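Here is a short report on a two-chain model. Please keep the structure open while reading.

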Amino acid sequence: MAARWLKAENGARLFVIGILVGIPLAILIGRWITSRDSSIEIHARIAEAGGFTPANLIAKVGEPIRLRLISDDVQHGFAIGQSDTPALDLPAGQMVETTLTFDRAGKYVFYCTRWCGLSHWRMRGTIEVTGEPAAQASAVSPLYLKLNIDVDDPHPAKNIPSRKPVAKSINNIPISFLTREYYLTHSPSDAFVETLHATSLPDDEIWNLVAFVWQANTTKEKLAQGQKLYAQNCAACHGESGKGDGVMAASLTKKDSSAQMEFGHNTKSPVDFTDSSQMLGASPALLQGKIIRGGMGTGMPYWGPIFTEEQTWALVDYLWTFQFEYVMHFRQLER
Amino acid sequence: MTRYEITPLLQPLLKNRLPQFIIQAIALGGFVFAIIAGLVGTPVGNHNFSIVFVWIGWWALLMLIAVPLFGRAWCSVCPIPLAGEWMQHGALLKPGGKGFGLNLRWHNKFRNIWLQNISFALVALFSAVVLTQPNITSIVLIAFLFVAFAASLIFERRAFCRYLCPVGGFIGLYSQVAPIEVRVKDSAVCAAHTEKSCYIGNAEGYGCPWQVYPGGLSKNTYCGTCMECLRTCPHDNVAIQIRPLGDDLLKPHGRKLDEAFKAFIMLGSAMTYSAVMLGSWGQLKAAAYAVGTSAWALYAITFLVFIFGALPASFFIATSFNRKSFINFAYALIPLGLLAWIAFSLSFVFANASYLLPAISDPFGWGWNLFGTVNFKWTPFLTQVTPTLQVAALIIGLAWSSQVAIQIGEQIKARAQGVIAFCFVITLGMLWLLVG
């Protein structure tokens, strides 16, 4: 009887011990099997909780790297800066795999594409790609640097229109206004003053002409591209309407807010793109500089490593729509 | 009242302790798995096995099926006391081993459920994070295991289950409603049986782990349905019976203040959880999550005052400031409390049940796909009928509680109108919180 009891009891004990030991062991083995391949596991958390981990990767030209991306909190995104690779969505708690192959050496920036938190823009990492061929050296430095523009200088408009200008041409547009270079290097306010001196048109018509010149330097496609980029990257602070009233704006201006603690200095309320007194005093080149370099001491992120030059100009083009009413079926001027 | 004994059908299954042990051991496996998942898996709750299986899967089974229909059935297979009992008995199955432990008697002063009331309230204070953060869930589960194990080594029998377990407390309260009971067939047989093996134990089984003398058992509250008395009774005098719903509520003896307060705690918690987790008050939700902050402290104090102060005080007024009426009528709140919890649970169980499929394939959020279901998208089920079910549950709860209040009123010769009005207000409050 005792032997029978002992046999049953020992069986039960083995069963329980098997469960207590077997389950952790099975988990360990499962983990080991799935982590044997060469893929790199990257965990994504909001910037305040660490951002991407690891954030600095190494790769070689022509050798694919396999990434296993896991968001540990909210929905994030993943994209490589200045590249055409489509962004990936990283739903919370799910693993997303991707393979990247770089054909040129250089330092690439990867970043989050979803507004995941106040410091979303800080969710960035780098991939150092070594080997041959080397990265193409930037052919030209950004226009704002070539023009030696001080991005932080105040740029009040000398004049502002009484209403939102509507792009409208006149018969004899001063030829100097029609060049791409003029558009990039002058503020609308400068253009207004120069036109004022050259013509006898009323102020409103001059502003309409300035709007026409600005419209003539973009296309519907560029505006659509700029609008998309704005919605994805700028609207959270600057607002869909451009008034600086995005969902994150309040946190940036609240004294001693987590945003201010995060940035380590006083942040400022986001720029109001509908404010003519400031916007019309800025040239496209100045706006390019602000986007590429970001706003020192304001909380405005730098987008240089993220946007291509084409994207940056498309965004600049779109920003003018907060000042000017473009007529969509416009005739594009010869460039 | 009519009762149907089902023991003959189940006796071979229940006397044999192997099926119960296997279920308990498998549940222990699930428990350990959930703890590990919570500690090392993804911190995203809806993709972590610990949150999904404990707070959606287990909770749904417990509150929608096990408690209303089978009372303390969960307690009979709960894995938490397994390790401690193993040490205490020196065996996992039949008696025969040499156990160890101090075997101290639980102090008379604490032979009530006040400690369970407090332990539930303590867990409830942190519920917003416990229910959403896998690592916190794991810590709570580990704490349960640790305290249960320690209690088994220090005290006799299942001291943790009987006096400390926060879950066991409310399961016991609501098991009075369940249509199933373990009772002796003939109390005269028990009276004549001097050995009292059901309480002392014998070679076939252990003395009641729940410290209840089965011969005197008249309510489900403290019967853990462990089936030891079925095994130890030499006269086959213990039966499992189907009975009318809520039968224990009308038994006038044994009504106590600690159990009365349990009813308020549970009712108040159902309302608070509904407000915090389902309501649209962002600040309240944020305060409940911000453990350790002054906002959370304010939330915690308000919650404690609500369940231990405001609700009982209102009920005291409703029962004409009479202590006897207060205690007796509190039992009328049990059906409404249970159905309020069912209504609350309905709001998220069906909506979130689809998380079970990805979580079983990828329990840690490591990119596994064990059963090919990892890509099953979140799909809320029965959303069209859930509000109707919730309203129906609350109305049934109100009607049932009102009926019980009237019957208790007749027993103690007191007016039940105030109690019915109290139940009506609570029902309106729950309706507003859940479907309003």
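Which residues does Ala340(B) touch, not counting residues up to four places away in sequence? They are Leu267(B), Ala270(B), Leu394(B), Gly397(B) and Met430(B). Touching, or contact, means C-beta atoms, placed from the backbone, within 7 Å.

This is a predicted model: local features need pLDDT of at least 70, side-chain atom pairs count only at pLDDT 80 or more, and totals for chains, interfaces and linings use all residues. Residues are numbered from 1 along each chain as its sequence is written, while chains are lettered from A and ligands numbered from 1 in the order in which they are written.

**Cores**

A nonpolar core is a set of buried Ala, Val, Leu, Ile, Met, Phe, Trp, Tyr and Cys residues joined through C-beta atoms within 7 Å. Buried means 20 or more other C-beta atoms within 10 Å of the residue's own.

| Core | Size | Residues include |
|---|---|---|
| Largest nonpolar core | 129 residues | Ala34(B), Leu267(B), Val419(B) |
| Another core | 66 residues | Cys112(A), Trp115(A), Phe212(A) |

Helices are DSSP runs (H or I, at least four residues), numbered from the N terminus.

**Helix α2(B)**

Ala34(B) is also among the buried residues of α2(B), as are Phe31(B) and Ile35(B). Cover for the buried residues of α2(B) includes α1 of chain A and α8 (134-154) of chain B.

**Interface**

In all, 23 residues of chain A contact 22 residues of chain B. On the chain A side, α1(A) supplies the largest share, 15 residues.

Methods: Contact = placed C-beta atoms within 7 Å. Helix = DSSP H or I, 4+ residues; strand = E, 2+ residues; numbered from the N terminus. Buried ≥ 20, exposed ≤ 12 C-beta atoms within 10 Å, placed from the backbone.
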